[in-house]
Structures are given as structure tokens and as C-alpha cells.
Amino acid sequence: MKKIALDMDDVIADYVGKAIKTYEEEFDTKVDKSLMDGKKVWQIIPEEHAKVVRSFPYRAGFFRDLAIKPGARETIEELQQKYEVFIVTAAMEFPGSFLDKYEWIKEYLPNFSWRNLVFCGHKHIIDADYLVDDHDKNLNTFTSGEPILFSAPHNTHLDCYRRFDNWQDLHDYFL
Ligand SMILES: [Mg+2]
């Protein structure tokens, strides 16, 4: 079976959505999403706010209640019939996220085996047939198979990869 490596944040779990919601609540403001093309939330808000937003992923529990992307669970279960599916997340960047991420997967993807979970540092070590990820820095070092970009506000400017806008696109391509 071919191997598909799926990134977690902003592919399976909605990190950007939680970051925006948390920022808006804590600062009693609204993010102008029209400014987000090619940018992260912290790049379009006042500098003194940006520092706080950039600290979100270091907060205990921040990754524990992200929303799952529509269609992700059903599609992953279908993919598993035809492919070896791995969740590959650069969790080393935010060491406090390990347990949150593990428990999140147990809750939202209860049939996903721990054997197929890869908590790693840099993803260039990953050897799979496909890597689906929202970050250029992960895709441009992926040499063992096809790198595929999953759309997120910060990657709208990239046009050097096959792109999935959502899980329906992913479903249509692989299944
Ligand atoms: Mg990601």
C-alpha cells in the first residue's frame, strides 16, 4: 500500500480558526480576514498583540480543542482502506503540545492507531509517497514522493504544488 503522510494543524485540525477566535475574544476585536492572503494572523495585527498570538501554541491545552476540518474523519477512515495513512506533526516545535495532540487524535479519530502517529522535528526525514501539508517549509524538503499543499490563508500565494482546498479535494484525488 502507498503511504500518505498527513499534517495535523491546518490540514486535519483547524489551528488558524482557533487562533483567530482566541485573539478576537481576548482583545475584543475583529480580524480583517481580507488581509490574510499569504499571511499569518500575527502578521496583520498590531505588534503588541502579535507577541501574544505567537505565544498561543505554547499555552497548555491550546491544541486540545481545535475543531476538526469538515470531512477529515470520514475521509481518513476511507483512505485507510486503500493506503497506509500517517499523521505527521512537527510537535517538537511546541513540546507542550504532545499530550494535547495525542488526546485530540484519540477523541476525534478514535480508530487511528498510535503506530501511525509521527511526532517529529523537521519533516524532511519523512519517507512516504505523499505529504499533505499547509507549509512550504515542509513540502519543499519532501523528496520521497508528491508534496501536496492544503489551502490555508498563509499559503494562498504558493503555486508550485498540487493544491487541495478542502477534504473533498483530497477525497477526490485519492479515492
Ligand atoms: Mg500544518
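In which sense do S6 and strand S7 (residues 146–150) pair, and over how many bridges? S6 and S7 pair in the parallel sense, over four bridges. Two strands count as paired if DSSP finds at least two bridges between them. Strands here are DSSP runs of E with at least two residues, helices are runs of H or I with at least four residues, and both are numbered from the N terminus.

The model is predicted: local features need pLDDT of at least 70 and side-chain atom pairs count only at pLDDT 80 or more, while totals for chains, interfaces and linings use all residues. Residues are numbered from 1 along each chain as its sequence is written.

**Overall form**

The protein contains six helices and eight strands. Read from the N terminus, these elements follow the order β-β-α-α-β-α-β-α-β-β-α-β-β-α. The C-alpha trace spans about 50 × 35 × 30 Å along its principal axes. The radius of gyration, taken over C-alpha atoms, is compared with a globule rule of 2.2 Å times the number of residues to the power 0.38. For 175 residues a compact globule would have a value near 16 Å, and the protein, with 16 Å, agrees.

Of the 175 residues, 27% are buried. A residue is termed buried if 20 or more other C-beta atoms, placed from the backbone, lie within 10 Å of its own. Among contacts with a separation of 6 or more, 63% are between residues 24 or more positions apart.

**Two domains**

An automatic or database domain assignment supplies the domain bounds. Domain 1 comprises 3–14 + 66–174, and domain 2 comprises 16–58. Their centres, taken over C-alpha atoms, are separated by 23 Å. Twelve residues from domain 1 and ten residues from domain 2 form the contact.

**The parallel strands**

| Strands | Sense | Bridges |
|---|---|---|
| S1 (residues 3–6) and S6 | parallel | three bridges |
| S6 and S7 (residues 146–150) | parallel | four bridges |
| S7 and S8 (residues 162–164) | parallel | three bridges |

Between S1 and S6, leucine 6 stands opposite valine 132. Tyrosine 130 faces glutamate 146 in S7, and leucine 131 has proline 147 in S7 as its bridge partner. On the way to S8, leucine 149 stands opposite arginine 163.

Strand S6 (residues 130–133) is covered on both faces: Tyr130 and Val132 on one side, and Leu131 and Asp133 on the other, are all buried. S7 is mostly covered, with four of its five residues buried.

**Valine 11**

The loop between S1 and strand S2 (13–14) holds valine 11. Why is valine 11 classed as buried? Valine 11 is buried because 27 other C-beta atoms lie within 10 Å. Leaving aside residues up to four places away in sequence, valine 11 touches Leu6, Val132, Asp133, Asp134 and Phe150. Phenylalanine 164 stands 153 residues from valine 11 along the chain, with 9.7 Å between their C-alpha atoms.

Terms used. Contact = placed C-beta atoms within 7 Å. Buried ≥ 20, exposed ≤ 12 C-beta atoms within 10 Å, placed from the backbone.
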